[in-house]
Amino acid sequence: MADRLVYKARLAEQLEMYKEMKDTMKQLVETKCKDAKPEGELLGEDERNLLSVAYKNVVGQRRTAWRIVCSLETKTEDDWKQQICREFREQVETELSELCNEIIGLLDTYLLPGEGVSLSGESHQETAVFFYKMKGDYLSPLSSECHAE
């Protein structure tokens, strides 16, 4: 099952179907973690990278859309155009927030070590650092960019 999901995620990446890639990687994490042993490594390096790329691209698309719509909203002088821009901006902010919360939830629920868990071995420590960095990357849009203007 995991091999099929990894293949599907790689194919979605090649096709630039990042939402599908993200959904597939979310499914992989949830599937693998259901049956995982606490001391085992849940995702291999390749799977971690696919997860990271999937969310990076989906969130990146929304961040780009947010920057564009904010720019248009401030440059336009017509009230009705500003209203349309504001509606799109709010929609993009909601989607961005949902995506960030989704990956943070996956990280907290499945991939980051629990409280009081000691990490033995260099690979476990490297994996934890990777996921903590990833979490920080997705906390940042929630706290700054969405509320910057």
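Mentor: A helix here is a DSSP run of H or I with at least four residues, and helices are numbered from the N terminus. This is a predicted model. With that in hand, the part to look at is the loop between helix H1 (2-14) and helix H2 (18-34), where Glu16 has its place.

Glu16 has a phi near 55°, which is a positive value in a residue other than glycine. Most residues other than glycine have a negative phi. Glu16 also counts as exposed, because its relative accessibility is 57% and the cut-off for exposed is over 50%.

The surface around this part of the sequence has a further feature. Tyr7, Leu11, Leu15 and Met17 make a nonpolar surface patch of about 390 Å². One of these residues, Leu11, lies in helix H1. Leu11 has a relative accessible area of 34%, so it is partly exposed. In soluble globular proteins, nonpolar side chains tend to be buried together.

Now the rest of the chain. The protein has five helices and zero strands, so its elements run α-α-α-α-α from the N terminus on. Of the 149 residues, 33% are buried. The accessible surface comes to about 9,200 Å², and carbon and sulfur atoms hold 50% of that area.

The inside can be described through the largest nonpolar core, which has 30 residues. Leu51, Ile103, Leu111, Phe131 and Tyr138 touch the most other members of this core. The elements that give two or more residues to this core are H1, H2, helix H3 (45-75), H4 and helix H5 (122-143). H4 supplies the largest share, eight residues.

Leaving aside neighbours within four places in sequence, Tyr138 is in contact with Ser52, Tyr55, Lys56, Val59, Cys100, Ile103 and Ile104. Across the protein, among contacts with a separation of 6 or more, 70% are between residues 24 or more positions apart.

Gln91 lies in helix H4 (residues 79-111) and counts as partly exposed, because its relative accessibility is 40%. The C-alpha atoms of Gln91 and Trp66 are separated by 9.3 Å, with the two residues 25 residues apart along the chain.

Technical notes
Residues numbered from 1 in each chain as written. Predicted model: local features only at pLDDT ≥ 70, side-chain atom pairs only at ≥ 80, totals over all residues. Heavy atoms only, no water. Buried < 20%, exposed > 50% of the residue type's maximum accessible area, 1.4 Å probe, protein only. Contact = heavy atoms within 4.5 Å. Areas by Shrake-Rupley, 256 points an atom, 1.4 Å probe, with all protein chains shown as cover. Patch = residues over 30% accessible without salt bridge, like charges linked within 9 Å, V, L, I, M, F, W, Y side chains within 5 Å. Salt bridge = Lys/Arg side-chain N within 4 Å of Asp/Glu carboxyl O. Core = buried A, V, L, I, M, F, W, Y, C linked by side-chain atoms within 4.5 Å.
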